[in-house]
Amino acid sequence: MRIISLIAPCYNEDSVIEQYYLRICSVADRHKEYEFEFIVVDDASVDQSLAILDRLAQKDPRLKVIHLAANVGHQTALFAGIENATGDINVTLDIDLQDPPELLSEFLAKIDLGFDVVHAQRKSRSGESPFKLISAKLFYQVIKHTSRVKIIKDCGDFRAFTKPVRQTIIRFREKHKFLRGLFVLVGFKQTIIQYERCARYGGETKYTLIKMTNLAVDAMLNFSQFPIRLMFIVSSLMWSLGFIYLVKAMFSRFVFGTAIEGWTSIIFFQVLFTGVLLFFIALLGAYIGRIYEQGQSRPLYWIRYTKNIDQDHDG
């Protein structure tokens, strides 16, 4: 029998874990031709998530729990689940049930047609604030015009993929991950299905504005050279404006014999250009910092303990 791995990260989700477990069990009961494993990666939760997961895992050996020793973030926790999965078919989804596990039938139908990666694209985003909707739309527009990888619009981390894809993905060891970009980057035969995204079953979103901003920065710096090109364009423009102003000042002094005017504008441009230069220095620092972190070769995650899973190694 082929194995299906359902992989979900978890951080402080004690209000939804049991309902998530009931839903995926119901989905598994509809597909008895497959063997299932339910992988949940507990990203060092500080609520009752650990106790609930351990209690459910004690009753059901299909539920395989990885408790991380430190919080490493959604993307790396999800990567830990992918790395420790054994499925012939793998499905990544959020434990908050915004991604309906019942969509598995549509995933399987596409994989049976020969596709290796099936992305779930949101037709709507129930329960999300206007700010998040607008910022998400803006993000996809920016990344569309600046990235060398064609990120799929309105596709999060809800997707199905085959074992060869999983084995390829886990070879990417960068610390700052943007998985929805990696799954496009690796190629293979890919397709899209559309779905209505549900509101959270319970609890509050863990993706704060800061986390969303960090994810957008990871996407931009990992999959686009636009920031570097922007530095060249703006610096060239600044040099050109400075040269034009120098020529104007020389003509005013030596040709027309008039006093050089515009000291206020000089101070304004000096402050403006200094601010732009400091911004670019910070941008270079971001790239250098990532190189430094990657060069340390520290594990991406480290495991406190596991339940119902033999693999017990740091990532």
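This is a short tour of a predicted model, stop by stop.

Being a predicted model, it is read with limits: local features need pLDDT of at least 70, side-chain atom pairs count only at pLDDT 80 or more, and totals for chains, interfaces and linings use all residues. Residues are numbered from 1 along each chain as its sequence is written, and side-chain values use heavy atoms, with hydrogens and water left out.

**Stop 1: strand β1**

Select residues 3-10, which form strand β1. Strands here are DSSP runs of E with at least two residues, helices are runs of H or I with at least four, and both are numbered from the N terminus. Seven of the eight residues of β1 are buried, so the strand is largely enclosed by the rest of the structure. Buried means under 20% relative accessible area, exposed over 50%, and partly exposed in between, with a 1.4 Å probe and protein chains only.

Two strands count as paired if DSSP finds at least two bridges between them. Ser 5 has Glu 37 as its bridge partner in β2, and Leu 6 has Val 91 in β4.

**Stop 2: Glu 37**

Select Glu 37, in strand β2 (residues 35-42). Is Glu 37 buried or exposed? Its relative accessibility is 2%, so Glu 37 counts as buried. Its side chain reaches the backbone nitrogen of Thr 86 at 2.8 Å. Beyond neighbours within four places in sequence, Glu 37 is in contact (heavy atoms within 4.5 Å) with residues including Ile 3, Leu 6, Arg 62, Lys 64 and Thr 86.

**Stop 3: the cores**

Select Leu 6, Tyr 20, Phe 38 and Phe 107, the residues with the most contacts inside the largest nonpolar core, which has 39 residues. Such a core is a set of buried Ala, Val, Leu, Ile, Met, Phe, Trp, Tyr and Cys residues joined through side-chain atoms within 4.5 Å. Helix α1 (residues 17-29) supplies the largest share of this core, seven residues. Apart from this core lies another, of 23 residues, among them Val 41, Ile 66, Val 165 and Ile 309.

**Stop 4: Thr 162**

Finish at Thr 162, in strand β6 (residues 155-162). Thr 162 is buried, at a relative accessible area of 10%. Leaving aside neighbours within four places in sequence, Thr 162 is in contact with Asp 88, Asn 90, Ile 111, Phe 115 and Asp 116.

Key:
A polar contact is a pair of N or O atoms within 3.5 Å; within protein, one must be able to donate a hydrogen and the other to accept it, and residues adjacent in sequence count only if both atoms are side-chain atoms.
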